[in-house]
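Morning, everyone. Let me put the model up, and then we will walk through a few parts of it.

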Amino acid sequence: MADAAVALNQPGRRRPRGPLTSAWTGYALAGPALLVMVAIFLYPLGYSFVMSFFRWDLSAPSAPFIGLNNYKETLTSPLFQQSLRNQLIFTAATITIEVTAGMGVAVLINGKMRGLRAARTLLLIPPMIAPAVVGLNFRWLFNSQYGFIDALLTDLHLPAIPWLSDPNWALASIIIADVWQNTPLMVLLFLAGLQSLPQEPLEAAAVDGASPWQIFWYITLPLMRAVIVIALMLRIIDTFRTFDVVWLMTQGGPGGASSLVTVYAYLLAFQGVDFGHAAAVSYIALAISLVLLGVLYGLPWLRER
Amino acid sequence: MLKNLSRRQFLQSSAVIAAGAGVEAPGIARAEATEIRALLITGGPLYPKYWEQIAQDFKKKTGITVNYDLLEFTPLTSKTVTLGAARSSLYDVYSTHTAQIGSFFNHFAPLDAYFKSSELEDFYPVALKYLRNPKTDKLAAIPRNMDARVQYYRKDVYDVHSLKPAVTWEDLVHVSQTLTGGGHYGLVVPGQGDPAQRTFSDLLWQAGGEWVDENNKPSFNAAPGIEALTFYRDLIQKYKVTPPDAVSYQWDENSSEFSSGAVYDTFDWPGAFATLSNPATSKVVGKWSTAPYIRNKQAISCAISHAMALNSLSKKKDAAVEFIKFSVAPDAQTLNFQEFTNFPSRQSVAKEVVAAAQGEKAVWLGQLEQTIATGKEWPKLPGFSKVCTIMFSAIEKSLSDQATPADSLNQAAKEALDAMTQAGAYQ
Amino acid sequence: MAATSEERVAAGSVEVLQPPRRPFQVGLAARYAVLIGTIVLTLFPLVWLVITSLRVPSDIFAVPVHIIPASVTWRQYVNVFTQYNLAGYLWNTIIVSLATVVCVTVLAVPCAYAMARFRLPGHRVIVALLLIMRMIPVVALAIPLFAVFASLGLLDTLTSLILAHTAAKLPVAIWLLIGFVQDVPKEIEESAAMDGAGTLRTLVQIVTPLIAPGLGASAVITFLFTWNDLLIALTLASSENAQTLPVGLTNFVSQYGVDWGAMSAAGVLMVIPTLIFVWFAQGLLVKGLVTGAVRG
């Protein structure tokens, strides 16, 4: 599983050759960074993995080893199933919208246009803003009494929408916030990708009288494969880590309708004080995102050559 | 081999791996402790001054310096969970609360040995009762100030409509329906997470129900529970007397809906009295009054408390207990009441402040005393912290019409029984 | 396959960019409409944040909502410094972010160089771990992370935040820099070696200047993601000693109400460094994100 995903990250890796290949020198150079990561991050990673096999419940007097019970309980818990379902919807919806819209906008604004530099600067702002600011700001924007969006809808004589209190709209709200924050990143990625495409095939096709749509579909898109794969990977990884924005907007509510796996894990840990269980949830989430990356790698269209 | 590895052993071994070698801070002899650390609660920009005063006075009296960190209620709870899970000895003293005490019975040291029973007599019995570990009957924290709710209503608006504040559930529907309209709402209730569970809990007791039966098995899904949750949901979904977003409200939205003037009635904590009287935080200064919490078959709502606890891993327990005693002493409680209208946990202090109060404030204090006298709290059994996460979801599901009250409570009761069984509530 | 390095670098640096001939003949007006529409959608939540921060308090909870406030005030921008400890949060965040950038850069460059140029036994294992570290939700690590720093006696210090962020940001930085190192023609290093330069000297004097754009990109990205982090700071800080801006934002929420005006003002102030970075380091950021992305 891990290997598939890792291999995906190494397209056409050049194997190191030449005189500079002594393993010892290599490790001396890589050592300090590896040491810091191992000591500070990898160790907690292993620690929480071990925790996931114990009943590590703060309210219980001891922490007995319980094997796979935390995993079993997680998989059979209705709240987890709901969170996982939401997670898959969230991941699928945000990625579809972000990649499609990102590609659409990038293709349309690719080329000589006034103000493109300023536009790029503005587009970089949302992806770079703190999720804490985004979450609190959107909670306020979506407020049905004092928020901008419902005020605007009312001014336009449209019905106000119960963004955060209706189960379906709550999930939509967190998707909207994520789309707002990350679509611009996709635009910039794809724009950079488009601008680095070789021009000959595009020109040849244009000379042959292909329609813009045909050129896009049969030439541009296949040439953009690598960038698209990367965009999908980045977003899959990040949607499975999304927490701050959702927690600050809805806390996963109402009734788990906008709960994602990280939100469920957080609730289990900090309200339910069952850290073993919360760790199990995180590892299941990690496994699922690895599987998704593996599937992505396996899709024939996305494979190179 | 790993069976029943205690949390302490595990963490100690991990500490060694992490740090390389022995890292235990050198223990300081108990009697010589001149510095302790405390993790304390704050609320709003003014509260830090209170602790500054207390710490200063304490230093003057005992010579012990208190180094303290301040956090708002929610971050404080998460931080205490983190510290407890990591078995940290960083803080000697904690501010805590009845609502979360069940999560910390292992992290806090029993206080029974430090307080004579005559010293405990002054505290409200209901406060002490729910700060005890039901499995061992040991006292995990000592109450500092009471948290109980009364009704806050817009006297000016009620007078215009010749309405009296609601006494029963039926009144509440009637009064709120009369006042709802034109962008204003007759009532606001919170509907998310812990505040939603708190509200359901009050209604459950008022309907004559209990969280668990005599065997500590969940009983909140019996008829009174269903009646309570149905009423709660209907306020939002059927009578529509609350803002439509109520399902997503926490305490802060609940309070600000009333203080902004959008809503005419709410149930709120003692601190609201000060917040609502302050023009900087309230648009309705002078326009509101208080009334007792509503009733149904019973007149019960929660009586819980902010409390002080001792870290079981503290190496300066004696000095720490000194500070705990000082922070719940009559003087400290009087100051806490005068500045922030936080209601004393000592009956003697309560009697004094009630006697000294006049007008509206006296009436309000009488109502609070009444709430405390009949008050309750949900059980502090092993696993109940996890039951709360189940309840958040179950209550919100009902309030947002995703499931009927009966279905969501029955499902929650089943999961709650599992969670408590696994945590050892029935051993 | 992906474009060559030169093209990619060119894609990032807008100044030297020659826009390719457009393959599409969409009406120019329509394209401007798309551009403007995208910008409007991007900006309006931020404009709302700014408007909220400038409102007088009584206007914040006004029904019906006045989208354009009748009067504005700067008071909230003063309050965040006088009533709240924004200056402290700001200082902590700046120190932590800058120190993290330095630590990450110093550690990541040799590591990326080694991984790009040396045959390291266990290379695949290291790569797999880098990926897993990039993927695991921070929630899972909160308690163990706390335990590690508790045992080091570093809780609630800026040092703990710098160390934790360095560890957390290293995988991304290494990943990104490997790509840049691989694009350095190997002949340059080989001729340096023939001239008698040691590995370290080659790295410092030859390779590092050549991957300067990569260093810039990784520094900017590291800075911004450290600046924005909530969970690590929330876990390790418990007082004003080490609370950062995102944690400080949560202090505007109290039991009896959210101080929306002050919080928005703090939010706006927090965005300003982001704006500055984005404006001046735009080229680097795009380059970093794209190179990092294309290389994975």
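How are H9(B) and H17(B) oriented to each other? Keep in mind that this is a predicted model. Start with where the two helices sit. H9 of chain B covers residues 223-237, and H17 of chain B covers residues 405-422. They pack with their axes 9 Å apart, at an angle of about 130°. Angles over 145 would count as roughly antiparallel, and 65 to 115 as roughly perpendicular. H9(B) and H17(B) are therefore oblique to each other. The crossing of H9(B) past H17(B) is right-handed.

Who makes the contact? On the H9(B) side we have B:Gly225, B:Ile226, B:Leu229, B:Thr230 and B:Arg233. On the H17(B) side they meet B:Pro405, B:Ala406 and B:Leu409.

Next, the strands of chain B. Strands of a sheet pair through backbone hydrogen bonds, in parallel or antiparallel fashion. We have an example of each sense here, parallel in E1(B) with E2(B), antiparallel in E5(B) with E6(B).

Take the parallel case. E1 of chain B is residues 35-41, and seven bridges link it to E2(B). One pair to click on: B:Arg37, opposite B:Asn67 in E2(B). Between the strands comes helix H2 of chain B, residues 48-62; E1(B), H2 and E2(B) form a β-α-β unit, and it is right-handed. Is E2(B) mostly covered or mostly open? Mostly covered: of the seven residues in E2(B), which spans 65-71, five are buried.

Now the antiparallel case. It is an open sheet of three strands in chain B, in the order E6-E5-E7. E6, residues 265-268, and E7, residues 288-291, are the edge strands, each pairing on one side only. From one strand to the next, the twist averages 30°. Helix H15 of chain B, residues 359-374, packs on this sheet. H15 touches E5 and E7 of chain B, and its direction makes about 30° with that of E7(B). E5(B) itself, residues 150-154, pairs with E6(B) over four bridges. There, B:Tyr153 has B:Asp265 as its bridge partner.

Last, chain A. How many helices and strands does chain A have? There are 14 helices and zero strands. Its C-alpha atoms fill a box of roughly 75 × 70 × 35 Å along the principal axes. Chain A has 305 residues, and 59% of them count as buried. Now take the contacts in chain A between residues at least 6 apart in sequence: 71% join residues at least 24 apart.

That's my tour. Over to you.

Methods. Residues numbered from 1 in each chain as written. Chains lettered and ligands numbered in written order. Predicted model: local features only at pLDDT ≥ 70, side-chain atom pairs only at ≥ 80, totals over all residues. Buried ≥ 20, exposed ≤ 12 C-beta atoms within 10 Å, placed from the backbone. Pairing = 2+ DSSP bridges. Right-handed = clockwise from strand over helix to strand, strands pointing away. Axes fitted to C-alpha atoms, helices over the stretch in contact; angles between N-to-C directions. Parallel < 35°, antiparallel > 145°, perpendicular 65-115°, else oblique. Left-handed = near helix turned anticlockwise from the far one by under 90°. Contact = placed C-beta atoms within 7 Å.
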